[in-house]
Amino acid sequence: MMRYISTRGAAPSLTFGEAMMTGLARDGGLYVPETIPHISPDQIAALVGQSYEDIAFAVMRPYIGDLFTDAEFKGLIAKAYAGFGHMARAPLKQLAPNHFLLELFHGPTLAFKDFAMQLIGQMMQAALAKSGERITIVGATSGDTGSAAIEAFKGLANVDVFILFPHGRVSEVQRRQMTTPDAANIHALAIDGTFDDAQARLKDMFNDFAFRDGVRLAGVNSINWARVLAQVVYYFSAAVSLGAPHRKVSFTVPTGNFGDIFAGYIARQMGLPIEKLVIATNQNDILHRALSTGDYRPDGVVPSISPSMDIQVSSNFERALFDAYGRDGKAIAALMDDLKAGAFHISQGALETLRATFASGRCSESETQDTIRQTLNDSAELLCPHSAVGVYVAQDHLGATPMITLATAHPAKFPDAVEQASGLRPALPPRMADMMTKPERVTRVPNDLAALQALVRERIAR
Ligand SMILES: N[C@@H](CCOP(=O)(O)O)C(=O)O
């Protein structure tokens, strides 16, 4: 049965169910499968024409061990995607010759995060129903993960959800998606700091074992392997629509915490014929700089019109480094120690390994705006700023291989930025129309571990 190991090599290996409920490994690392299951060209060919749900089952089944029976797992997948607003779940649109857009924003909160969050919501509920346990989820968000988690877990009796978002650094729609749900188990916390601060405090909570065990802490960020796994599926669904396994494709991914593009990497490792995975960054371009120079050096988060990507410490890059360093946990632990001291340098061998799979590019604020305007004119597609970053960077990598750019969020989540760029103000779906006038429930919190822990303890004791 599949086991999961830590990228830092000093935590016990776990089953899928344990890794899903654990979040961060106890040595501070991230869980990855001990081996990556291979899908043969014939098995990929058999996915052609299947529903998104059937592809999801075929791709994820080898990873989940005996946590669920086949029938249970199929039932959870069906429930997870039933609320999506598009029959195809992740439809492909053509933008230009050999350039396609994968629309990942038809889920309940209008962002790609719903693909994984809706499913892990179902899986965690089913696992908790079997164990009878109660958990405390703490999540860090730069805008999209938070609302997706709240939507997936609101109102559940055995889960409390605390979402840390950077005060004043998410769009109004993103903020209201987190602050207007009135379920008692939801706690929206606006932290005085950046997303990197929020994610660092979240990891601090996991690394404080007394706190972690005391509140039964669980994570739904992409530090949780189950999040990454669910996102592998749409790489398969898109690639088979464009001719895989007989034709290669490439993907460009607007990138922040590196979870989404890492899911593409896993699809490639499984055998999906992906030529290149292109990392698209906004002005917070640490990943582009790291791939270009080998230097991974955070230099402060600068707010942008694509706020979900305003990140300098991309958690999942650690998973890619783990493979690039030949799965040497000690080497990864040393790099992460260097990062605590300010930066790390990627060895030449590891850099070449990364460059064999990944390319990268950066998009400025004005290029983002121009791309929104230009894409509307040329293809009648209104992009959100994050997707525009992807489309801009993809244009430098177009060629004989079909390029699929991930459209990670609906433009209506960022109406001000989109209107400023295009003159069009995208409307929220009618089901969300009252959100802009509902009362908000939010607690402003300092960037301070002890204060956050006290707040969590106090709220769950109520
Ligand atoms: N861009 C994300 C940041 C958190 O990423 P995650 O994939 O680790 O949950 C967001 O919008 O919250």
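**Entry 1. Terms and first helix**

I take helices as DSSP runs of H or I with at least four residues, numbered from the N terminus. I note at the outset that the model is predicted. With that settled, I looked up Met60 and found it in helix H3, which covers residues 52-60. Is Met60 buried or exposed? I count Met60 as buried, because 20 other C-beta atoms lie within 10 Å and the cut-off for a buried residue is 20 or more.

**Entry 2. The whole chain**

I turned next to the chain as a whole. I find 19 helices and 15 strands in it. The C-alpha atoms fill a box of roughly 60 × 50 × 50 Å along the principal axes. Does the radius of gyration speak for or against a compact globule? I note that a compact globule of 462 residues would have a radius of gyration near 23 Å, and that the value of 20 Å for this chain agrees with it. Of the 462 residues, 53% are buried. I also looked at the contacts with a separation of 6 or more, and 74% of these join residues 24 or more positions apart.

**Entry 3. The N-terminal annotation**

I consulted UniProt, where an unreviewed entry lists residues 3-81 as "domain: Threonine synthase N-terminal". Over that stretch I find 42% helix and 8% strand. The end C-alpha atoms of residues 3-81 are 27 Å apart.

**Entry 4. A five-strand sheet**

I traced an open sheet of five strands in the order S8-S5-S6-S7-S15, with parallel pairing. Which strands lie at the edges? I find strand S8 (217-218) and strand S15 (443-445) there, each pairing on one side only. Inside the sheet, I followed strand S5 (residues 135-140) beside strand S6 (residues 159-166): the two run parallel and are joined by six bridges. At one place in this pair, I see Ile135 opposite Val159 in S6.

**Entry 5. Helix H7**

I examined helix H7, residues 172-179, and asked why it can be called largely enclosed. Seven of its eight residues are buried, so the rest of the structure largely encloses H7. I recorded the buried residues as Val173, Gln174, Arg175, Arg176, Gln177, Met178 and Thr179. These pack against H6, S6, strand S7 (186-191) and helix H18 (415-422).

**Entry 6. Thr375**

I located Thr375 in helix H16, residues 365-379. I count Thr375 as buried because it has 22 C-beta neighbours inside 10 Å. What does Thr375 touch, not counting residues up to four places away in sequence? I find Leu95, Glu381, Leu383, Ala388 and Val391. I also compared Thr375 with Leu277: the pair is 98 residues apart in sequence and 22 Å apart in space, C-alpha to C-alpha.

**Entry 7. Backbone exceptions**

I searched the backbone for exceptions, bearing in mind that most residues other than glycine have a negative phi and that most peptide bonds are trans. The peptide bond from Ala244 to Pro245 is cis, and I read its omega as near 10°. Pro245 sits in the loop between helix H10 (225-241) and strand S9 (249-254).

Arg216, although not a glycine, has a positive phi of about 60°. I place Arg216 in the loop between helix H9 (209-215) and S8. With 16 C-beta neighbours inside 10 Å, I count Arg216 as partly exposed.

Phe258 is likewise not a glycine, and its phi is positive at about 75°. I place Phe258 in the loop between S9 and helix H11 (259-270). Is Phe258 buried or exposed? I count Phe258 as buried, because 23 C-beta neighbours lie inside 10 Å.

Technical notes:
Residues numbered from 1 in each chain as written. Predicted model: local features only at pLDDT ≥ 70, side-chain atom pairs only at ≥ 80, totals over all residues. UniProt positions renumbered as here; feature names shortened; annotations may be inferred. Rg over C-alpha atoms; globule rule 2.2 N^0.38 Å. Buried ≥ 20, exposed ≤ 12 C-beta atoms within 10 Å, placed from the backbone. Contact = placed C-beta atoms within 7 Å. Pairing = 2+ DSSP bridges.
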